[in-house]
Amino acid sequence: MKQIIDRTVRRQVRREVLWNGNVESPLWTIFTDRQHMVRWAWSTHARKMPRSRLSPPCILH
């Protein structure tokens, strides 16, 4: 999560062009846009957490 938040904030502050002239939306849209990248990452992370904590550790030989 830290990675996506850092990247989003950096791109927004620097107004970096992402693709085809697009730039990050204002930071307050995290609260209003249901499809904002940070919100998507948070909800995806929350869904995957229980699975990863319950799965047995991988043993490499």
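Author: A salt bridge is a side-chain nitrogen of Lys or Arg within 4 Å of a carboxyl oxygen of Asp or Glu. The model discussed here is predicted.

Reader: What makes Glu16 and Arg14 a salt bridge?

Author: Their closest N and O atoms are 3.6 Å apart. The cut-off is 4 Å, so the pair qualifies.

Reader: Which salt bridge does Glu16 form with Arg10, and how far apart are the closest N and O atoms?

Author: The Glu16 and Arg10 atoms are 3.4 Å apart. That value is within 4 Å, so the name applies. Salt bridges that share partners join Arg10, Arg14 and Glu16 into one network.

Reader: Why is Arg14 called exposed?

Author: Its relative accessible area is 59%. Exposed means over 50%, so Arg14 passes. Glu16, at 25%, is partly exposed. Arg10, at 35%, is partly exposed too.

Reader: What makes Arg11 and Glu24 a salt bridge?

Author: The closest N and O atoms are 3.9 Å apart. The limit is 4 Å, so the pair counts. Arg11 lies in helix H1 and Glu24 in the loop between H1 and helix H2, so the pair ties together parts 13 residues apart in sequence.

Reader: How do you know that Glu24 is buried?

Author: Its relative accessibility is 12%. Buried means under 20%, so the label holds. Arg11, at 24%, counts as partly exposed.

Reader: Why is Thr44 called buried?

Author: Thr44 has a relative accessible area of 12%. That is under 20%, so it is buried. Thr44 sits in helix H3. A polar atom of its side chain lies 2.8 Å from the backbone oxygen of Trp40.

Notes:
Residues numbered from 1 in each chain as written. Predicted model: local features only at pLDDT ≥ 70, side-chain atom pairs only at ≥ 80, totals over all residues. Heavy atoms only, no water. Helix = DSSP H or I, 4+ residues; strand = E, 2+ residues; numbered from the N terminus. Buried < 20%, exposed > 50% of the residue type's maximum accessible area, 1.4 Å probe, protein only. Polar contact = N/O pair within 3.5 Å; in protein donor to acceptor, adjacent residues only side chain to side chain.
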